[in-house]
Amino acid sequence: MAKYRIAWLPGDGIGKDVTDAARIVLDGLGVDAEYIHGDIGWEFWCTEGDPLPQRTLDMMAETDCAFFGAITSKGKDVADKELDPELQGKGYSYRSPIVRMRQLLDLYICLRPCKAYAGNPLNYKDGIDLVVFRENTQGMYIGVEYPQVPEEFYAVKGTEKLPRDAAISFRAITPGGSERIVRSAFEYAVKHNRKKVTAVHKANVLRQTDGVFMEAARKVAVEYPRIEFDNANIDAMGMWLLKNPFNYDVIVTTNLFGDIISDLCAQMVGGLGFGCSGNIGQDYAVFEPTHGSAPKYAGQYKVNPIATILAAKMMLDWLGETDKAAQLEGAVAAVIAEGRFRTYDMGGESSTLDMARAIADKL
Ligand SMILES: NC(=O)c1ccc[n+]([C@@H]2O[C@H](COP(=O)([O-])OP(=O)(O)OC[C@H]3O[C@@H](n4cnc5c(N)ncnc54)[C@H](O)[C@@H]3O)[C@@H](O)[C@H]2O)c1
């Protein structure tokens, strides 16, 4: 029996292209794992009314962790039309499977390292090396939304002037949820010899929700006197990150702000072809590239697999296979530095699988 059982979830579009590439390097490393395919994505919404079928969740429950490619999501109007006509009008409602997975499995950390590998022509500035900790289960993504103001809502003080046709989204942030994400960021800083943690918020406007987040952040920070702690408003942070990315080390923030800021950080180190991500809970984790299914490139084996291969490196670290993880990162760094293999986004013509094979050859 293999040492690890890994749920293998390619998903839609280029999800298959990039996970095929990741398998080349995992096999090249000789990882002792069994990969179990799971159904996920748009196709299963259309045919079954569920993009994350229960059988996939059941299979995941029997595995150590999951590796995910990408999915296609579409707006409500399109989703409703593309659902099998036999299922329409029966109460099916589309929800992003990745957001659902994060909440169902309580994968409260979204860890997104952003490192500018030497020789990458897409680096904004050489030497950038940031890590974003995004809270992954609360905030604006709790999924409590209304297409218009519910009547009973007007009983809440301060809502009297809300127009009836206003769509409403709830933002929920708890002290416990905030403390655990901030503590994870500090623990990471200690373990990886990082010097500073920056909490990002908008507490001057979102006084209650981000007030809770910042109170928790300040409380946790005093437990780590050797790590510098500072904070910034999300809007200013966008500006400061571009102006001087070297002022930042570990960034911790709430769900929506983390979603945005981590894409900005990913862009500074090469864009979507380089953004990798770990959704991590107490006992389970799902690793993925941050990009989507890029339908126009699906099946062409043209896109950059490095984001997904770096997600495999994160998975190996999480599994405790730190030597293999370091070996893999070294191979990625060597191929980027050499510059012989480059996918279209890097200005080259290498295919997804050629890039993966070049990395495997360096292992
Ligand atoms: N986690 C996820 O699965 C996820 C994330 C974002 C978007 N999506 C979904 O993906 C679909 C397409 O969304 P989108 O077009 O806004 O974003 P996308 O990330 O799929 O692609 C946007 C563009 O970025 C480039 N790109 C993406 N990945 C790349 C790679 N590995 N190498 C080189 N270039 C790459 C391509 O030019 C692509 O057209 C939508 O249905 C969206 O909802 C899913």
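Gln88 counts as partly exposed, at 36% relative accessibility; here buried means under 20% relative accessible area, exposed over 50%, and partly exposed in between, with a 1.4 Å probe and protein chains only. The model is predicted: local features need pLDDT of at least 70, side-chain atom pairs count only at pLDDT 80 or more, and totals for chains, interfaces and linings use all residues. Residues are numbered from 1 along each chain as its sequence is written, and side-chain values use heavy atoms, with hydrogens and water left out.

Gln88 is found in the loop between helix H4 (76–82) and H5, where helices (H or I, at least four residues) and strands (E, at least two) are DSSP runs numbered from the N terminus. Not counting residues up to four places away in sequence, Gln88 touches Asp80, Lys81 and Leu83; contact means heavy atoms within 4.5 Å. Gln88 and Gly49 are 39 residues apart in sequence, and their C-alpha atoms are 8.8 Å apart in space.

## Helix H6

The buried residues in H6 are Gly177, Ser178, Glu179, Ile181, Val182, Ser184, Ala185, Phe186, Tyr188 and Ala189. Their cover includes strands E4 (109–115), E5 (129–135), E8 (196–201), E9 (228–233) and E10 (250–253), together with helix H7 (209–221).

Gly176 also belongs to H6, but Gly176 is partly exposed, with a relative accessible area of 44%. From Gly176 to Leu264 the distance is 27 Å, C-alpha to C-alpha, at a sequence separation of 88 residues. H6 is followed by Asn193, whose phi is positive, near 55°.

Thr137 lies in the loop between E5 and strand E6 (145–146) and is buried, with a relative accessible area of 10%. The side chain of Thr137 makes a polar contact of 2.7 Å with the side chain of Glu135. A polar contact is a pair of N or O atoms within 3.5 Å; within protein, one must be able to donate a hydrogen and the other to accept it, and residues adjacent in sequence count only if both atoms are side-chain atoms. Apart from residues up to four places away in sequence, Thr137 touches Arg102, Gln103, Asp106, Leu107, Tyr108, Ile142, Arg180 and Asn255.

Asn255 is placed in helix H9 (residues 255–268) and is buried, at a relative accessible area of 1%. Its side chain joins that of Arg134 in a polar contact of 2.9 Å, and the side chain of Asn255 also reaches the backbone oxygen of Gln138 at 3.1 Å. Beyond neighbours within four places in sequence, Asn255 is in contact with Arg134, Glu135, Asn136, Thr137, Gln138, Gly139 and Tyr141.

## Positive phi values in loops

Most residues other than glycine have a negative phi. Asp106, a residue other than glycine, has a positive phi near 50°. Asp106 is found in the loop between helix H5 (97–104) and E4, and counts as partly exposed at 34% relative accessibility.

Tyr301 likewise has a positive phi, of about 50°, although it is not a glycine. Tyr301 is found in the loop between strand E12 (285–289) and H10, and counts as partly exposed at 22% relative accessibility.

## Helix H12

Helix H12 (residues 352–361) is mostly covered, with 7 of its 10 residues buried. These are Thr352, Leu353, Met355, Ala356, Ala358, Ile359 and Ala360. Helices H1 (14–29), H10 (306–319) and H11 (322–338) are included in what covers the buried residues of H12.

## Ligand surroundings

The ligand is surrounded by 21 residues, the closest being Ile71, Ser73, Gly292, Ala294 and Tyr344; a residue is near a molecule if one of its heavy atoms lies within 4 Å of it. The shell divides into 10 nonpolar, 8 polar and 3 charged residues. In this classification Ala, Val, Leu, Ile, Met, Phe, Trp, Tyr, Cys and Pro count as nonpolar, Asp, Glu, Lys and Arg as charged, and the others, Gly among them, as polar.

An oxygen atom of the ligand is 2.7 Å from a polar backbone atom of Ala294. A nitrogen atom of the ligand lies 2.9 Å from a polar side-chain atom of Tyr344, and a polar side-chain atom of Glu288 lies 3.4 Å from a nitrogen atom of the ligand. The protein covers 69% of the 800 Å² of accessible area that the ligand has on its own, areas being computed by the Shrake-Rupley method with a 1.4 Å probe.
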